[in-house]
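This report describes the fold of a single chain and the packing of its helices. The sequence and the structure are shown first.

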Amino acid sequence: MKRFLMGMSLAFAVGTASAADIVDTAKSAGSFNTLVTAVEAAGLVETLKGPGPFTVFAPTDDAFAKIPKDKLDALIADKAALTGVLTYHVVPGKVMAADVKPGEVKTVQGSPLTVSVKDGKVMVDNATVVQTDIQTDNGVIHVIDTVVMPM
């Protein structure tokens, strides 16, 4: 029940920010602070505030916490590598959950993500999609529980 209420409060918080772009929606949600910091460090704020549309598979702060601190710090310090990782989480166009099909999806980074269904859960590479269809002015956010890395 507690998890359900937390999800509802996140959905409500995001729902009230529906007139915002991807970056502002992520900021207002409160669970994407590391992602927002990384987007700022990579210089991608203006891009993700642009007209899009974009589909973002957004890792939570807990997802980033799975990366050892020294590796995360090194990634954030390497703008080119960070940009590659972040743009690997972005798909051109607005893809709602109902439109997602198993298979490869080309990312803005250029490498494909693999979308699959395992035990009834939608997976993006090795990440589980934990919340879908957070609509923004310039696309949609799907929340994932792990940071995915391009090959």
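From the N terminus on, the elements run α-α-α-α-β-α-α-α-β-β-β-β-β-β, with seven helices and seven strands in the chain. The model is a predicted one. Of the 151 residues in the chain, 42% are buried. Among contacts with a separation of 6 or more, 61% join residues 24 or more positions apart. The chain exposes about 8000 Å², and 60% of this area is supplied by carbon and sulfur atoms.

Helix H3 comprises residues 33–42, and its buried residues are Leu35, Val36, Ala38, Val39 and Ala42. They lie on the same side of H3, because the arc that they cover around the axis is only 160°. An α-helix has 3.6 residues a turn, so residues three or four places apart point the same way.

| Partner of H3 | Residues |
|---|---|
| Helix H2 | 22–29 |
| Helix H4 | 45–48 |
| Strand E1 | 54–59 |
| Helix H5 | 61–65 |
| Helix H7 | 79–87 |

After H3 comes glycine 43, which has a positive phi, near 75°.

Helix H7 also packs with helix H6 (residues 69–77), at an angle of about 100° and with the axes 5 Å apart. Angles from 65 to 115 degrees count as roughly perpendicular, and H6 and H7 are therefore roughly perpendicular to each other. Leu75, Ile76 and Ala77 of H6 make the contact with Lys79, Ala81, Leu82 and Val85 of H7. By class, six residues of this contact are nonpolar, none is polar and one is charged.

Technical notes: Residues are numbered from 1 along each chain as its sequence is written. This is a predicted model: local features need pLDDT of at least 70, side-chain atom pairs count only at pLDDT 80 or more; totals for chains, interfaces and linings use all residues. Side-chain values use heavy atoms; hydrogens and water are left out. Buried means under 20% relative accessible area, exposed over 50%, partly exposed in between (1.4 Å probe, protein chains only). Helices (H or I, at least four residues) and strands (E, at least two) are DSSP runs, numbered from the N terminus. The arc is that of the directions from the helix axis to the C-beta atoms. Contact means heavy atoms within 4.5 Å. Accessible areas come from the Shrake-Rupley method with a 1.4 Å probe; for residues, only the protein chains shown count as cover. Axes are lines fitted to C-alpha atoms, for helices over the stretch in contact, and angles run from 0 to 180 degrees between N-to-C directions. Angles under 35 degrees count as roughly parallel, over 145 as roughly antiparallel, 65 to 115 as roughly perpendicular and the rest as oblique. Ala, Val, Leu, Ile, Met, Phe, Trp, Tyr, Cys and Pro count as nonpolar, Asp, Glu, Lys and Arg as charged, and the others, Gly among them, as polar.
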